[in-house]
Amino acid sequence: MTDRLYEGADWDFTTLQRIHDACEEIAEKELGLNVYPNQIEVITAEQMLDAYSSVGMPLYYKHWSFGKQFAHQEASYRKGLMGLAYEIVINSSPCISYLMEENTATMQTLVIAHAAFGHNHFFKNNYLFKQWTDADGILDYLDFAKGYVAQCEEKHGRAAVEQTLDAAHALMSHGVDRYPGKKSLDLRAEEKRAKERRNHEETSFNDLWRTVPTGRAKSASLLSAERRRALLGLPQENLLYFLEKSAPRLKTWQRELIRIVRHISQYFYPQGQTKVMNEGTATYVHYRIMSRLHQTGQISDGNFLEFLQSHTNVVFQPNYDDRRFSGFNPYALGFAMMQDIEKIVTDPTDEDRAWFPDIAGKGDAMAVLRDIWANYRDESFVSQFLSPRLMRHMRMFHLHDDPAVSEGIRVDAIHDERGYRRVRRVLARQYDVGLIDANIEVVDVDLAGDRRLMLKHSVLNGALLNEADAKRVLQHLADLWSYDVSLAEVDASGLVLKEHVAHPRVMAAAA
């Protein structure tokens, strides 16, 4: 009789259940994790590629871009130019973890620890996911969306549906509510409302369009800027929401498609702000669980060495002059910060006490980490918990490339007493969603004239939009709006630095 969870590389579903239960015991009783119920699915490499192509979501509606991604990634995989993730995990309740059937028993153990408990706990407890996503309703909503898109294709034609989805997808990053205080997402209620909306024709048509002049011009009082903006809810950062509610020529089914894309965009919104924390949490959790399984003899020395090889690959951080360098590996940075926080809490130095008086020497590392996992995102996490010791260990420095200076690139700060705070501040800003995403708002509509939609890009540090990308995205926006669209890039003083204009194309014929 052995206490081992498995022997060798082979596994079956009974083994997976045994592995899950052993990981659950450590996760809940020793680490104090609080997770959604787990659902584990075993899939093939081809199914994993398919999941890749549809951003990891089951039941996703069909779109040509997913097939394009699948073909590209499958070709790269077959040629040996890319590997596959060991898992994909879905922020839902139950939390779904996809495991590749090609994984060894050790790799399945690692994946279950990483995804089914590490990511799962983060999804359930982090404030951004609690505020912006609906884990209980996402799977049912995706099922509804998939069926609705298929019905639209059958009734209105694939070309018309595809053109609407293409335009909505192009605007996805500007189809979210970014700030607290907005209405929380309730996808089960939204699905019910969607069914009710389908019983009405054009019920979401904005009554404001009755005030648009069709003959002689209306009086100035009827079309005052204040009244116009109030009726349209301007300024509006959520471009998809504005189009859904106010675009004058969209059919009811097109509004529903835009609404679907908008809700799915909102579901993914927290993930872009928590990549370092989410992967750092899952990596720290899997390391703790796998180490504990080895200590208790539930996995052998050979199994543990196999795990360490994979773990080392995951947290590998290339140097800045390495051809593979593309910034900080979120797994490496996140895991290193979690381990560093554990040391600050349990075995602090004088430097730790000076920098982190609230947590240094507190003793209970998991209590501190669980609090951090629940209440921070990448930007605030790095700005408050990146330590001088870790900056020295990772040999961080800051380069400043000023286009106004032709001599070269200046080293602005290094990992020393003078540079610690600057390095930490600059790195944190790289994860600030307010700086990463362009601040673009709908600011007005020319109701008295040609119905031109007017947008403003608030330019930061002179960084203008990429002209080719701006032109393509603005074209999609004009297609949905059905009239001209203009985008002014404006600096802090109000000076217009550049202006873009797009004219609508003829949409595909639709019923």
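Among contacts in the chain between residues at least 6 apart in sequence, what percentage join residues at least 24 apart? In this predicted model, the value is 73%. The chain has 511 residues, and buried residues make up 50% of them. Its secondary structure comes to 21 helices and nine strands.

Strand S3 (95–100) is paired with strand S1, which covers residues 38–43. The two strands run parallel and are joined by six bridges. Within this pairing, Glu41 stands opposite Tyr98 of S3. Six of the six residues of S3 are buried, so the strand is largely enclosed by the rest of the structure. The burial applies to both faces of S3. Cys95, Ser97 and Leu99 lie on one side, Ile96, Tyr98 and Met100 lie on the other, and all of these residues are buried.

The loop between strand S2 (87–90) and S3 contains Ser93. Leaving aside residues up to four places away in sequence, Ser93 touches Tyr36, Pro37, Ala135 and Asp136. With Asp136 there is also a polar contact, in which the side chains of Ser93 and Asp136 are joined at 3.4 Å.

Strand S8 (residues 485–490) and S9 run antiparallel and are joined by six bridges. In this pairing, Val490 has Val496 of S9 as its bridge partner.

Leu447 is located in the loop between S6 and S7. The relative accessible area of Leu447 is 1%, under the 20% limit, and the residue is therefore buried. Leu447 and Ser224 are 223 residues apart along the chain, and their C-alpha atoms are separated by 10.0 Å.

Helix H12 comprises 21 residues, 275–295. H12 is mostly covered, with 15 of its 21 residues buried. Gly297 follows H12 and has a positive phi, near 80 degrees.

Aromatic contacts were examined next. A search of the whole structure finds 16 aromatic pairs. In one of these, the rings of Tyr141 and Phe144 have centres 5.5 Å apart. The planes of these two rings are at 50 degrees, a value between the limits of 30 and 60 degrees, and the pair is therefore tilted. Both residues belong to helix H6 (residues 138–156), where they are three residues apart and so separated by about one helical turn. An α-helix has 3.6 residues a turn, so residues three or four places apart point the same way. Tyr141 counts as buried because its relative accessibility is 0%. Phe144, with a relative accessible area of 9%, is also buried.

Tyr320 and Phe397 form an edge-to-face aromatic pair, with 5.2 Å from centre to centre and 90 degrees between the planes. This pair links distant parts of the chain, the two residues being 77 residues apart. Tyr320 is in the loop between helix H13 (301–314) and helix H14 (330–346), whereas Phe397 is in strand S4 (residues 397–400). Tyr320 has a relative accessible area of 56% and is exposed, since this value is over 50%. For Phe397 the relative accessible area is 31%, so this residue is partly exposed.

One aromatic cluster is formed by Tyr287, Phe304, Phe307 and Phe335.

Notes
Residues are numbered from 1 along each chain as its sequence is written. This is a predicted model: local features need pLDDT of at least 70, side-chain atom pairs count only at pLDDT 80 or more; totals for chains, interfaces and linings use all residues. Side-chain values use heavy atoms; hydrogens and water are left out. Two strands pair if DSSP finds at least two bridges between them. Helices (H or I, at least four residues) and strands (E, at least two) are DSSP runs, numbered from the N terminus. A polar contact is a pair of N or O atoms within 3.5 Å; within protein, one must be able to donate a hydrogen and the other to accept it, and residues adjacent in sequence count only if both atoms are side-chain atoms. Contact means heavy atoms within 4.5 Å. The expected span of a helix is 1.5 Å times one less than its number of residues. Buried means under 20% relative accessible area, exposed over 50%, partly exposed in between (1.4 Å probe, protein chains only). Rings of Phe, Tyr and Trp (its six-membered ring) pair if their centres lie within 6.5 Å; planes under 30 degrees apart count as stacked, over 60 as edge-to-face and the rest as tilted.
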